Amino acid sequence: MTTDEERNKRFRAALEHLAPGRHVLDIGTGADLVWARESVRAGARQVTAIEVMEDSFRQAAANLPAYSLEDRATLLLGESTSLAFAPRADVCVAEIIGSFASAEGAAAVLADARNRHLVPDGVIVPHRAVTRAAAVCLADILGEQHVAFAAESIPYLQSIFNWNTSPFDVRLRIENASPDALVSESAEIESLDFNGTLHTAQQTTTCLAIQRSGRIDGVLAWLQLWCLSDDEPLDALRMKTNWASIYCPLFQEPVPVEPGDTLDLVFASSLGADGVHPDYQLSATLHTADGRTHNGSLESPHRGAHFRTHPVYRLLFPAP
């Protein structure tokens, strides 16, 4: 993510505006202490940087002298939801936003940060994150490409299965998906207002109007992100960024659609067993001009349980 300029320029601009003279909390600082460094460069008087991964923490500690942060930054090891420190910070910066906006636990982590780590009028960066969705057909997204995982993702996939103790239907990241693949209008299905009312569970019902002839078997979801309230948002579908889109299979086979058809979509999120990362449920009813209805659904928990529930997963994970 350090090379993601669409992301970096927005976070940097927010810190230049908010950090001068203030105490900044950097959650998930990483080995390179990126936002701790940027906060100091922007004029923060003090930075508290938190890192949960021990290897990254040790590297960050080794990097403190190289970045001349020893007198301005305090580095803590652990989860921000478990740690306590004083005094409270004025600004919190956290790049824990997923391709589904809440997927990395941003809602729970930053709600806790607001309650325990920030002064009453403290500010969070980013300001807002939204997940948008539109109807698509996976074959139209992929074009001539076969349904397969990228070779470089296989070791990571295996590590996820090891962590889960068994294979499951992972969320399907689509790199460089084209907006031309969208068959319907798009709508917000998830909204995280980090400086307003922040919900750790939510349910959204929306109706997507089909805009062109085609076929659909699911929806494509992607991130929009504001680091300041009056920002131009980062749009992960239409800008060059390391956030990918997520394809969510809903129907067992593609369904032909025409303009005037509608897709009723219900998106729900609730905190998973760890109390931080959400589980997701999507359900859909497609109404076509011939009077027929087509129902589909997807369950996508943080810790996987379901396996080979849709044809795309049976292609990706053929039965032995």
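Modeller: The largest nonpolar core has 54 residues, and Leu 110, Phe 194 and Leu 225 have the most contacts inside it. A nonpolar core here is a set of buried Ala, Val, Leu, Ile, Met, Phe, Trp, Tyr and Cys residues joined through side-chain atoms within 4.5 Å; buried means under 20% relative accessible area, exposed over 50%, partly exposed in between (1.4 Å probe, protein chains only). Keep in mind that this is a predicted model, with local features needing pLDDT of at least 70 and side-chain atom pairs 80 or more, while totals for chains, interfaces and linings use all residues. Residues are numbered from 1 along each chain as its sequence is written, and side-chain values use heavy atoms, without hydrogens or water.

The biggest giver to that core is α4, with 6 residues. Leu 110 is one of the buried ones, as are Val 109, Asp 112 and His 117. The cover over them includes β1 (23-27), β4 (89-94), β5 (118-125), β8 (187-193) and β15 (262-271).

Now to Leu 225: beyond its neighbours within four places in sequence, its contacts (heavy atoms within 4.5 Å) include Phe 11, Ile 97, Pro 126, Leu 234 and Trp 243. A second, separate core of 26 residues includes Leu 208, Leu 250, Tyr 280 and Leu 282.

Arg 132 is buried but has no salt bridge, and Glu 188, the nearest side chain of opposite charge, is 4.2 Å away. A salt bridge needs a side-chain nitrogen of Lys or Arg within 4 Å of a carboxyl oxygen of Asp or Glu. What the Arg 132 side chain does have is a polar contact with the side chain of Ser 186, at 3.1 Å (N or O atoms within 3.5 Å, one able to donate a hydrogen and the other to accept it; residues adjacent in sequence count only if both atoms are side-chain atoms). Further along the chain, Leu 220, Trp 222 and Gln 224 are among the residues that Arg 132 touches.

Compare Arg 10, which does form a salt bridge, with Glu 232, at 3.7 Å between the closest N and O atoms. Arg 10 lies in α1 and Glu 232 in the loop between β11 and β12, so the pair ties together parts 222 residues apart in sequence. Arg 10 counts as buried at 6% relative accessibility, whereas Glu 232 counts as exposed at 53%.

Key. Lys, Arg positive; Asp, Glu negative; His and termini not counted. Helix = DSSP H or I, 4+ residues; strand = E, 2+ residues; numbered from the N terminus.
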